[in-house]
Amino acid sequence: MVSRRRIRNFVLALGLYALSGAAVGYFAYHAHHGERGLHAKLAYKIRIAQLEAEIRGVKAEKFDWERRVALLRADNLDRDLLDERARALLNSVHKNDAIVILPKTP
């Protein structure tokens with residue numbers, strides 16, 4: 001009787017330790033590899049760095065376009081830029097212009 005009770009207490013304690021160890025292992029595994037785990041956090045940081053680099057490039061391009069548009073406004077019109085754009089759009093040149101024809105690069 002006494003030995004059966006000791007064995008039952010030992011097996012019960014061993015079972016509880018095994019169950020709690022399995023629960024801790026399950027949560028530790030998913031904390032590391034899960035959808036919101038450490039690997040996902042690293043992937044998010046990499047994606048954030050890529051998007052920030054893309055944002056910097058787009059902002060630089062936007063700044064360039066804003067500068068070019070500002071040159072075409074009526075209050076501070078850059079006549080050289082206006083002349084260049086008009087000639088490019090109309091595909092024409094002035095009779096006094098010197099034209100240099102370059103070979104096509106492959």
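Trainee: Where is Ile7 found?

Mentor: Ile7 sits in helix α1, residues 2–33. Keep in mind that this model is predicted.

Trainee: Why is Ile7 called exposed?

Mentor: Its relative accessible area is 53%. Exposed means over 50%, so Ile7 qualifies.

Trainee: Which residues make the nonpolar surface patch?

Mentor: Ile7, Phe10, Val11 and Leu14 make the patch, of about 420 Å². Patch residues need over 30% relative accessible area. Ile7, at 53%, is over that cut-off.

Trainee: How many salt bridges does the structure hold?

Mentor: Two.

Trainee: What makes Lys62 and Glu66 a salt bridge?

Mentor: Their closest N and O atoms are 3.7 Å apart. The cut-off is within 4 Å, so the pair counts. Lys62 and Glu66 are four residues apart in helix α2, which means a separation of about one helical turn.

Trainee: And why do Arg67 and Asp64 count as a salt bridge?

Mentor: The N to O distance is 2.8 Å. That is within 4 Å, so this pair counts too. Arg67 and Asp64 are three residues apart in helix α2, again about one helical turn.

Trainee: Why is Asp64 called partly exposed?

Mentor: Its relative accessibility is 29%. Buried means under 20% and exposed over 50%. Asp64 lies in between, so it is partly exposed. Arg67 at 41% is partly exposed as well, and so is Glu66 at 43%.

Trainee: Which element has the highest mean pLDDT, and which the lowest?

Mentor: Helix α2, residues 38–71, has the highest, at 93. Helix α3, residues 79–90, has the lowest, at 79. The protein averages 86.

Conventions. Residues are numbered from 1 along each chain as its sequence is written. This is a predicted model: local features need pLDDT of at least 70, side-chain atom pairs count only at pLDDT 80 or more; totals for chains, interfaces and linings use all residues. Side-chain values use heavy atoms; hydrogens and water are left out. Patches are made of residues with over 30% relative accessible area and no salt bridge: like charges are joined within 9 Å, nonpolar side chains (Val, Leu, Ile, Met, Phe, Trp, Tyr) within 5 Å. Accessible areas come from the Shrake-Rupley method with a 1.4 Å probe; for residues, only the protein chains shown count as cover. A salt bridge is a side-chain nitrogen of Lys or Arg within 4 Å of a carboxyl oxygen of Asp or Glu. Helices (H or I, at least four residues) and strands (E, at least two) are DSSP runs, numbered from the N terminus. Buried means under 20% relative accessible area, exposed over 50%, partly exposed in between (1.4 Å probe, protein chains only). pLDDT is the predictor's confidence in each residue, from 0 to 100.
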